[in-house]
Amino acid sequence: MASQTLNPIFVTRCCISLIKKQIPLLFAVRQESSLPPLKTVQLNENMQLKTIQEMSSQPRPLVLLYGWMLAKQRHLDKYGNMYHSKGFDVLSLKMRPTQVLIPSRAQKTTEQLLSILQDEHLKDKPLMVHGFSVGGYMYGELLVKLNQDLEKYRSIRSRLVGQIFDSPVDYEGVPSGFARILLKNRVGQKLLQFSLESYLSLFKDSVTRHYIKSSNAFHKNELRIPSLLLYSRADPIGVDTKIELVMKKWRANNIPVMARCWESSPHVSHFHRHPDEYVEAVLKFISSIGLSKPDSEVSKRKLETKKHKEIQQAI
């Protein structure tokens, strides 16, 4: 009976009031002159497109950068600059709590993204995904949409050539994991965990079933997209054993999988704690899927050194 009187938006706002101010600012971005000239277009409230303004002999790859919850644009730019320095364009998506907790809003954002990817200026670009934390859920929603209309999204399906996930979290790990990370005191943790568990239980039809569909699409990897997983043994949200179970499934289906696991870095902080190793893993992966050949203008900047020093300066 409670599910008939409670509104999921009301419950979401109650949860957000507990967590909204708990996310620390992880990074400060520095724009360096070694980056190529960029054009920035704010596509909507959640999405920003940055394209390199230099001639290229072929369509530049486009990275879909799915942020973690409440990540600021300056946080995502730190990763985006790494890709710009290698000749990639970047479309970043900021994740708001309401998008994660109210699936209909996530689905609306996904539909907007799919429309953008079919734009005349983007329709020929190879696509790669780099998702963080709950960004994996949003990407799962995209996979669900791609499967619902095979003909309409045939081009997008064929252009997806690689996916990277940093600290991915599945839906069942949200209540306990988010509570432990977002709140310091044990009373607050228990309250938030109970609130989120109740939310998922009360709204199985309108909310939880969409999480399950997204999760299933993510796990299935029907398009057999080569993948890189970046995670930590010490992360209570992106749980290592859960991530390794997904990797095992993909490898059993002969899907190429690469991974880098750290012992103690916090949730979505692997780049911050281990920048050289992180960049090395990403560059090795994009090389393995055939996207690492730099254009002449990138080569001229001599962005790669023995330990990727100039890439670190650029980001």
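Tutor: Start with a term: two residues are in contact when they have heavy atoms within 4.5 Å of each other. Keep in mind that this is a predicted model.

Student: OK, what share of the contacts with a separation of 6 or more comes from residues 24 or more positions apart?

Tutor: Such pairs account for 79% of those contacts in the protein.

Student: And how many helices and strands are there?

Tutor: The protein has 15 helices and eight strands.

Student: What percentage of the residues count as buried?

Tutor: Of its 315 residues, 53% are buried. Here buried means under 20% relative accessible area.

Student: What about the accessible surface, how much of that belongs to carbon and sulfur atoms?

Tutor: Carbon and sulfur atoms hold 52% of a total of about 14,900 Å².

Student: Switching to helices. At what angle do H9 and H10 pack?

Tutor: Helix H9 (residues 186-202) and helix H10 (residues 204-220) pack at about 105°, and their axes are 6 Å apart. Angles of 65 to 115 degrees count as roughly perpendicular, so that is the label for H9 and H10.

Student: Which residues meet there?

Tutor: On the H9 side they are Tyr-199, Leu-200, Ser-201 and Leu-202, and on the H10 side Lys-204, Val-207, Thr-208 and Tyr-211. By type, five residues of this contact are nonpolar, two are polar and one is charged.

Student: Now H13. How far does it reach from its first C-alpha to its last?

Tutor: Helix H13 covers residues 275-288, which is 14 residues, and spans 20 Å. That is close to the 20 Å expected at 1.5 Å a residue.

Student: Which of the residues in H13 are buried?

Tutor: The buried ones are Tyr-278, Val-279, Ala-281, Val-282, Leu-283, Phe-285 and Ile-286. After H13 comes Gly-290, which has a positive phi near 80°.

Student: Where does Leu-70 lie?

Tutor: Leu-70 is in the loop between strand E3 (62-69) and helix H3 (73-84). Ser-167 also has a positive phi, about 55°, without being a glycine. Ser-167 sits in the loop between strand E6 (160-166) and helix H8 (174-182).

Student: Is Ser-167 buried or exposed?

Tutor: Buried, because its relative accessibility is 0%.

Methods
Residues are numbered from 1 along each chain as its sequence is written. This is a predicted model: local features need pLDDT of at least 70, side-chain atom pairs count only at pLDDT 80 or more; totals for chains, interfaces and linings use all residues. Side-chain values use heavy atoms; hydrogens and water are left out. Axes are lines fitted to C-alpha atoms, for helices over the stretch in contact, and angles run from 0 to 180 degrees between N-to-C directions. Helices (H or I, at least four residues) and strands (E, at least two) are DSSP runs, numbered from the N terminus. Angles under 35 degrees count as roughly parallel, over 145 as roughly antiparallel, 65 to 115 as roughly perpendicular and the rest as oblique. Ala, Val, Leu, Ile, Met, Phe, Trp, Tyr, Cys and Pro count as nonpolar, Asp, Glu, Lys and Arg as charged, and the others, Gly among them, as polar. Buried means under 20% relative accessible area, exposed over 50%, partly exposed in between (1.4 Å probe, protein chains only). Accessible areas come from the Shrake-Rupley method with a 1.4 Å probe; for residues, only the protein chains shown count as cover. The expected span of a helix is 1.5 Å times one less than its number of residues.
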